[in-house]
Amino acid sequence: RTQVDPTRFCAARAGQKFDPPVDAGRSIDTHPNTRPHPHPHPHSSLRHSSMKTAIVQVACLAACLMAAHQTAAWPQYAPTCEEDIRAAILFRDANVNKSARWGSALKSWYGAGESCPHCADDPCGHHGYHGNWEGLECRGDWIIDNGWSRWSGQKSAKGPCKKITNFHLPDRGLEGPFPEELKYFPNLHEIDLDSNNLIGELPEWLACMQKLIEIDLEENQFTGTLPKAWGNLPQLEEVEVDDNPQLHGCVPYGLPADEHGGKVSFSTDPKIGTSWGGTRINGMRCQNAPMPSCDHTKIPADAPMPRKANMTVPAHDAMMTPEEAEKYFRDQLDKDTEKRVFSNP
């Protein structure tokens with residue numbers, strides 16, 4: 001890796017040529033009885049210029065270092081934020097035993113994923129924005145600048161830990177109502193549950209997830225209307241509820257404009273906006289509803305904490321084969337999950 005002299009770099013940023021101070025290391029006589037020479041020494045102007053250059057370079061270096069500190073990126077091996085892990089564990093525990101399909105979708109939601117379920121809990125991992133836990137992505141910070149919006153990417157995201165930003169479990173045949181435990185994820189920008197078999201009414205509390213940019217729920221079996229409180233989501237760019245035949249009613253004014261060309265940076269879909277083809281929604285716009293109470297969307301104080309160390313086998317079983325150790329860890333994980341579920345029905 002090329003080493004960059006920060007002083008040269010900052011001087012360049014300031015539009016100056018870098019030259020080491022000529023008189024660096026030389027002392028200046030400041031004795032009180034010293035009288036100024038009637039004619040300036042030929043090198044005095046050079047000394048003065050060099051001192052000014054040094055001062056400018058020091059000031060620029062300090063400014064650059066401060067800016068670098070303010071935009072410090074995640075270290076490559078920064079952990080997933082604790083509140084995000086707790087939300088993911090709550091979601092997993094509530095849904096993993098609902099059905100075989102849910103169990104299959106969430107089987108990697110332990111430790112560092114399927115490759116190391118007995119490792120410390122780390123949904124985000126260290127290999128790009130695709131996380132260790134299938135369906136969870138950690139894309140950094142969402143930046144809106146001069147009308148353009150984009151992901152910062154992990155390497156330029158701010159903060160000491162990685163945030164879970166995208167939830168993707170489409171095309172899994174998942175059954176049941178909209179999973180309520182999604183409300184605990186504090187940093188979600190996207191929810192993608194399209195092409196499943198989810199039923200029931202769409203939850204009003206989704207309006208509490210103020211960072212949402214995309215909601216993709218097409219090709220399910222939802223009923224009722226689009227919650228009018230969803231009109232209070234300020235960053236929404238895309239809402240897809242197509243092919244939910246029982247959905248009906250109007251479209252809240254606060255939802256994005258009807259579907260049109262465009263894209264969000266985390267999707268290959270060439271269209272954005274609100275789309276409802278294959279439903280009984282009439283397309284008329286209607287008033288937003290007031291914001292619902294969001295108190296119940298906070299992570300409960302007794303929510304499980306993440307495991308911060310790798311699991312180990314008991315000393316008396318230290319001679320286990322890898323296969324036996326894997327089975328032991330899986331049994332322990334299942335027991336831990338079962339214990340939490342039954343103690344917090």
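Rings of Phe, Tyr and Trp, the last taken by its six-membered ring, form an aromatic pair if their centres lie within 6.5 Å. By that test, this predicted model holds nine aromatic pairs.

**View 1. The whole chain of the predicted model****.**
Five helices and 14 strands make up the secondary structure. The chain has 345 residues, and 43% of them are buried. Among contacts with a separation of 6 or more, 64% link residues 24 or more positions apart. The accessible surface comes to about 19400 Å². Carbon and sulfur atoms account for 55% of that surface.

**View 2. The largest nonpolar core, with 53 residues****.**
Leu182, Phe185, Leu193 and Trp230 have the most contacts inside this core. Helix H3 (82-95), helix H4 (100-105) and strand S11 (246-252) each give two or more residues to the core. H3 gives the most, with six residues.

**View 3. The surroundings of Phe185.**
Which residues does Phe185 touch, not counting those up to four places away in sequence? Asp84, Ala87, Ala88 and Phe91 are among them. Trp109, Leu136, Ile164 and Met209 complete the list. Phe185 is also one of the residues with the most contacts inside the largest nonpolar core.

**View 4. The tilted pair of Phe91 and Trp102****.**
A pair of aromatic rings is described by the distance of the centres and the angle of the planes. For Phe91 and Trp102, the values are 6.0 Å centre to centre and 55° between the planes. Phe91 lies in helix H3 and Trp102 in helix H4, so the pair ties together parts that are eleven residues apart in sequence. Both residues are buried. The charged end of Lys98 sits over the ring of Trp102, 5.5 Å from the ring centre.

**View 5. A cluster linked by ring pairs****.**
Phe91 and Trp102 belong to this cluster. Trp109, Trp133, Phe167 and Phe185 are also members.

**View 6. Strand S11 and its partners.**
Is S11 largely enclosed or largely open? Five of its seven residues are buried, so S11 is largely enclosed by the rest of the structure. Strand S9 (residues 221-224) runs parallel to S11, and two bridges join them. Here Thr223 has Gln246 of S11 as its bridge partner. Strand S14 (residues 280-286) also runs parallel to S11, joined by four bridges. In that pairing, Gly249 stands opposite Ile281 of S14.

How values were computed. Residues are numbered from 1 along each chain as its sequence is written. This is a predicted model: local features need pLDDT of at least 70, side-chain atom pairs count only at pLDDT 80 or more; totals for chains, interfaces and linings use all residues. Side-chain values use heavy atoms; hydrogens and water are left out. A nonpolar core is a set of buried Ala, Val, Leu, Ile, Met, Phe, Trp, Tyr and Cys residues joined through side-chain atoms within 4.5 Å. Buried means under 20% relative accessible area, exposed over 50%, partly exposed in between (1.4 Å probe, protein chains only). Contact means heavy atoms within 4.5 Å. Rings of Phe, Tyr and Trp (its six-membered ring) pair if their centres lie within 6.5 Å; planes under 30 degrees apart count as stacked, over 60 as edge-to-face and the rest as tilted. A charge sits over a ring if NZ of Lys or CZ of Arg is within 6 Å of the ring centre and within 35 degrees of the ring normal. Accessible areas come from the Shrake-Rupley method with a 1.4 Å probe; for residues, only the protein chains shown count as cover. Two strands pair if DSSP finds at least two bridges between them.
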